[in-house]
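Subject: Structure for your files, with notes

Hello,

Here is the structure we talked about handing over. Notes on what was found in it come after.

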Amino acid sequence: GSSNFCGTMPALVDIQPSDGRIGLPEGGAEITIRNVSDDSVGFRVRTNAPDSVTIMPAEGKLHRGGVGRLRILGDRDARASLASGNVRLLIQAASAPLFGLLSTSDWECKEPQELQCTRIQVLASGHCGDAELRVRYNELLTYGTQVQNELIALQKKLKPAPGEATQYSAAQVTFMLLIGVILSYLSIFERVWFTSVASFS
């Protein structure tokens, strides 16, 4: 998973998504953090791209069994940074007193083995799906070209018998292949779209 300790202490929080990355649509995204320990837990969120994303709240505290929701918003000019895959969040969690939040000095005094650190990569929504579409589209184009070349070679070798339909023209073959590519592209797009929608529902 994406959560890790420098030591061997038990988990303090459960964070979703748990696969270490999240898509960020224009309306923002949400990260859920749940206290799974027996004590109060403080958390704070840091990013290597403060000009690209805003986290609300950036720090807080959860009592035993408490659940918090972090809102991640992309700034206007964040698309390029998100598409590069270089935007990351670091969510730190540590035991906290019953009353009050952990101060900056409290965090600095924490030993590495006292911290649970969760790293999440922030991507433009649909970025992973776009990459998959491009790969699939290129595969289909390569396959289509091979089929077209084979058909042309066969047409040169075979002559239609009397009464048989005329051969397909190169334009007809190209058109049929193009339709197949478009249908396959739409099928992949539909699957990626519904997967993306489901992940944020």
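Predicted model: local features only at pLDDT ≥ 70, side-chain atom pairs only at ≥ 80, totals over all residues.

Residues are numbered from 1 along each chain as its sequence is written, and side-chain values use heavy atoms, with hydrogens and water left out.

Overall fold

The protein has four helices and 10 strands. Both kinds of element are DSSP runs numbered from the N terminus: helices are H or I with at least four residues, and strands are E with at least two. In sequence order the pattern reads β-β-β-β-β-β-β-β-α-β-α-β-α-α. Taking contacts (heavy atoms within 4.5 Å) between residues at least 6 apart in sequence, 68% join residues at least 24 apart.

Of the 201 residues, 30% are buried. Buried means under 20% relative accessible area, exposed means over 50%, and partly exposed is in between, with a 1.4 Å probe and protein chains only. The protein exposes about 12,800 Å², and carbon and sulfur atoms supply 56% of that area. Accessible areas come from the Shrake-Rupley method with a 1.4 Å probe; for residues, only the protein chains shown count as cover.

Nonpolar cores

A nonpolar core here is a set of buried Ala, Val, Leu, Ile, Met, Phe, Trp, Tyr and Cys residues joined through side-chain atoms within 4.5 Å. The largest one has 26 residues, and those touching the most other members are Ile-31, Ile-33, Val-53, Leu-70, Leu-82, Leu-89 and Ile-91. At least two core residues come from each of strand 2 (13-16), strand 3 (21-24), strand 4 (29-35), strand 5 (41-47), strand 6 (53-56), strand 8 (67-74), strand 9 (87-95) and strand 10 (116-124). Strand 9 gives the most, with four residues.

Leaving out residues up to four places away in sequence, Leu-89 touches Ile-31, Val-45, Arg-46, Thr-47, Val-53, Ile-55, Ile-72, Thr-118, Arg-119, Ile-120 and Val-122. Apart from this core lies another, of six residues, including Ala-94, Leu-102, Trp-107 and Cys-117.

Arg-46, listed among the contacts of Leu-89, lies in strand 5. Arg-46 counts as partly exposed, at 44% relative accessibility.

Salt bridges

How many salt bridges does a search of the whole structure find? There are two, a salt bridge being a side-chain nitrogen of Lys or Arg within 4 Å of a carboxyl oxygen of Asp or Glu.

- Arg-69 pairs with Glu-30, the closest N and O atoms being 3.6 Å apart. Arg-69 lies in strand 8 and Glu-30 in strand 4, so the pair ties together parts 39 residues apart in sequence. Arg-69 is exposed at 52%, and Glu-30 is partly exposed at 37%.
- Arg-64 pairs with Asp-38, with 3.8 Å between the closest N and O atoms. Arg-64 is in the loop between strand 7 and strand 8 and Asp-38 in the loop between strand 4 and strand 5, so this pair ties together parts 26 residues apart in sequence. Arg-64 is exposed at 61%, as is Asp-38 at 58%.

Surface patch

Leu-151, Leu-154 and Leu-158 make a nonpolar surface patch of about 270 Å². Patches are made of residues with over 30% relative accessible area and no salt bridge; like charges are joined within 9 Å and nonpolar side chains (Val, Leu, Ile, Met, Phe, Trp, Tyr) within 5 Å. Leu-158 is in the loop between helix 3 (127-157) and helix 4 (170-199) and counts as exposed, at 55% relative accessibility.

Cysteines and cis peptide bonds

The structure holds zero disulfides, a disulfide being a pair of cysteine sulfur atoms within 2.5 Å. Cys-109 is exposed at 62%, whereas Cys-117 is buried at 11%.

Most peptide bonds are trans. The bond from Gln-16 to Pro-17 is cis, with omega near 5°, and Pro-17 sits in the loop between strand 2 and strand 3. The bond from Met-56 to Pro-57 is also cis, with omega near -10°; Pro-57 is in the loop between strand 6 and strand 7 (59-62).

Regards
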